[in-house]
Amino acid sequence: VAAKTTGFYVFDVSNPADPVEVSLTVATVNPDFDNLSVMEVVLDGSLLYAVCNFAGPLVYDLADPANPVLIGYDPALDSSSQAPFVAFRDGCIEGGRLYACHLDSEDSGVKAFDIVGADPLLLGGAAHADFSRFTGISGDMMYSCNGDTGVSGFELVGDELQFRGHLQLVRAWGVEAHGHIVYVASTDDGLVIT
């Protein structure tokens, strides 16, 4: 569970009626990037990707859930005290890539990271006209909720996300994709299926 400045929690839910806290990890890379705000956690096997404001995704080995071990992060964090990013919200994994929504007045959109190696490497992104809040992916198509401007669709072509279309939908706050069906949560219109 992502817990912002607290870090992230790991719970044992083998008994769903009685979840047990196994560990709490404060997201820290070095003195310049410590007590990072974890906005989302994404699991891929025994790896946990903690998507952090200002630092991007940090990779933890969860082989021992009681002792998550930091094993990878953007190498820029070791060479600069200036944060490479502004703010992240949601994230998802597909095909060796992690996609994370980036909220920034100058560089808003979805960022794609190559996560095949130990360190997540920024491949690039897809810009939006509004802040990107939540993302869903199915196959080579990625969808991003942009709040008041609706949902944008992108296709992964090589290492680039190419714009494929837009659904004008006021106050779109969540999106899930399954095959060619996209489910959108809208404050004004409720559940929209397209």
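Predicted model: local features only at pLDDT ≥ 70, side-chain atom pairs only at ≥ 80, totals over all residues.

Visitor: How many bridges join strand β5 to β6, and which way do the two run?

Guide: The general idea comes first. Strands of a sheet pair through backbone hydrogen bonds, and the pairing is either parallel or antiparallel. Here β5, covering residues 56–61, is joined to β6 by three bridges, and the two run antiparallel.

Visitor: What is the order of the strands in the open sheet?

Guide: The order is β3-β4-β5-β6, four strands with antiparallel pairing. At the edges are β3 (38–44) and β6 (69–72), each of which pairs on one side only. On average, neighbouring strands of this sheet are turned by 35 degrees against each other, with direction ignored.

Visitor: Now a single residue. Is Ser 152 buried or exposed?

Guide: Ser 152 belongs to strand β13, residues 151–157. Its relative accessibility is 6%, and buried means under 20%, so Ser 152 counts as buried.

Visitor: Which side chain does Ser 152 join in a polar contact?

Guide: The side chain of His 166, through a polar contact of 3.1 Å.

Visitor: Which residues form the nonpolar patch on the surface?

Guide: Val 1, Phe 11 and Val 13 form that patch, and together they have about 270 Å² of accessible area. Phe 11 lies in strand β1, residues 8–12.

Visitor: Why is Phe 11 called partly exposed?

Guide: Partly exposed is the range between the 20% limit for buried and the 50% limit for exposed. Phe 11 has a relative accessible area of 37%, so Phe 11 is partly exposed.

Methods:
Residues numbered from 1 in each chain as written. Heavy atoms only, no water. Pairing = 2+ DSSP bridges. Axes fitted to C-alpha atoms, helices over the stretch in contact; angles between N-to-C directions. Buried < 20%, exposed > 50% of the residue type's maximum accessible area, 1.4 Å probe, protein only. Polar contact = N/O pair within 3.5 Å; in protein donor to acceptor, adjacent residues only side chain to side chain. Patch = residues over 30% accessible without salt bridge, like charges linked within 9 Å, V, L, I, M, F, W, Y side chains within 5 Å. Areas by Shrake-Rupley, 256 points an atom, 1.4 Å probe, with all protein chains shown as cover. Salt bridge = Lys/Arg side-chain N within 4 Å of Asp/Glu carboxyl O.
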